Amino acid sequence: MKPKGTKLNLFGCTKQELVDLALKQGQPAFRGSQVFQWIYQKRVTAISEMSNLPLAWRDQLESECVIKMPTISRRHVSQDESIKYIFNLDDGSEVEAVYMKMTKGVTLCLSSQVGCAQDCSFCLTASMGFIRNLSCGEMVGQVFAIAQDIDLPVPFNVVMMGMGEPLLNLKNLQRMLKVLTDEHCFSLSPKRITVSTSGHARNLQKLAESEIVPRLAISLNATTDEQRDALMPVNLKWNIKELLEICRHLPLKPRERLTFEYVMIRDLNDSDADAKRLIRLVRGIRCKINLIPFNETPELNYQQSLLERIEAFHQILNQARVTNTVRWSKGRDIGAACGQLARPTSEPGAHILAV
Ligand code: SAH
């Protein structure tokens, strides 16, 4: 809901919401669809330029609505060609998104909240605390602002792995999925969008059973509750057993797999025994595991697993035929890697991250 006295922002509305708006204002349903196309396909932000709408309705819309998205306040380009974008939001908050060139196309890593309430002890975003959820327009807007800045090839991939816990902003996330997959927007296949959660099992299930189901990733990061309680307080709510039980019964499409992320922290979760426990934990779940070498930052007292540990862990999983890849984060020189997105102190110069 919009606060009283402020204009409704049409940017971030789904097609259905615009159709409902048109109907409410005495217009036929297709007018809502036309507005959707102006905004997301023709990328027009002036209602007066929506030339196929009746003049009187354009005037009415102009007096009641705006079309506004986040603006880019700063950007940092990495040696690996990744770009970290810092966006300015209406209330003065800032969030970050990362553009990454992968071997197979482009991936955008987007934020879902300002700050984060999860308080994971190894993640820099946690130090901001939770400020607020992003609106649908603020999530979709990260993509549009990047597309205005550079030549964004379509289709591209989206990973909801920036700031925040997307499953604690489920309604807006689901609206975002509707917009990005709409044929009159980017028409992205839901398979190109990955939503990563720290482990909010109930909402994960809700998302898996909803209309548009993206790829699902779960940040597991530990193999015992003792370890995971210490790293990720969400484990006190959903422990490993409960989380994996729900994962085991998610309705996956044929050939679809879950992803488990596993951040590798030296002497903490990277032993042979951990690898063996991990194998037992995921047995029977159609999944792949992304091993993410921990990105060090001066603020946090954790270290990256040694290379030989990462390799040994990877081999133990291989021998058990558990599909896994070692994922080296991109944009490490510009504070754009996993777990480095935080307020402006994470910008280069403030401290060279690390990473
Ligand atoms: N809240 C969601 C979305 C954030 S995704 C989630 O937890 O999944 C961010 C990913 O980066 C998570 O898998 C997290 O475990 C990982 N991560 C966080 N800090 C990291 C760090 N310093 N080094 C490597 N990966 C990190």
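**Exercise 1.** Which residue is the bridge partner of valine 263 in β13?

*Solution.* The model is predicted: local features need pLDDT of at least 70, side-chain atom pairs count only at pLDDT 80 or more, and totals for chains, interfaces and linings use all residues. Residues are numbered from 1 along each chain as its sequence is written, and side-chain values use heavy atoms, without hydrogens and water.

Step 1. Strands are DSSP runs of E with at least two residues, and helices are runs of H or I with at least four, numbered from the N terminus. Two strands pair if DSSP finds at least two bridges between them. Strand β12 and strand β13 (residues 287-293) are parallel and share seven bridges.

Step 2. Within β13, valine 263 has isoleucine 292 as its partner. From β12 the chain reaches β13 through helix α9 (residues 272-282), in a right-handed β-α-β crossover (clockwise from the first strand over the helix to the second, with the strands pointing away from the viewer).

**Exercise 2.** Why is strand β12 (residues 258-264) described as largely enclosed?

*Solution.* Step 1. Buried means under 20% relative accessible area, exposed over 50%, partly exposed in between (1.4 Å probe, protein chains only). Seven of the seven residues of β12 are buried, so the strand is largely enclosed by the rest of the structure.

Step 2. In a regular strand, side chains alternate between the two faces of the sheet. Leu258, Phe260, Tyr262 and Met264 point one way, Thr259, Glu261 and Val263 the other, and all are buried.

Step 3. Strand β11 (residues 215-219) runs parallel to β12, joined by three bridges; serine 219 stands opposite glutamate 261.
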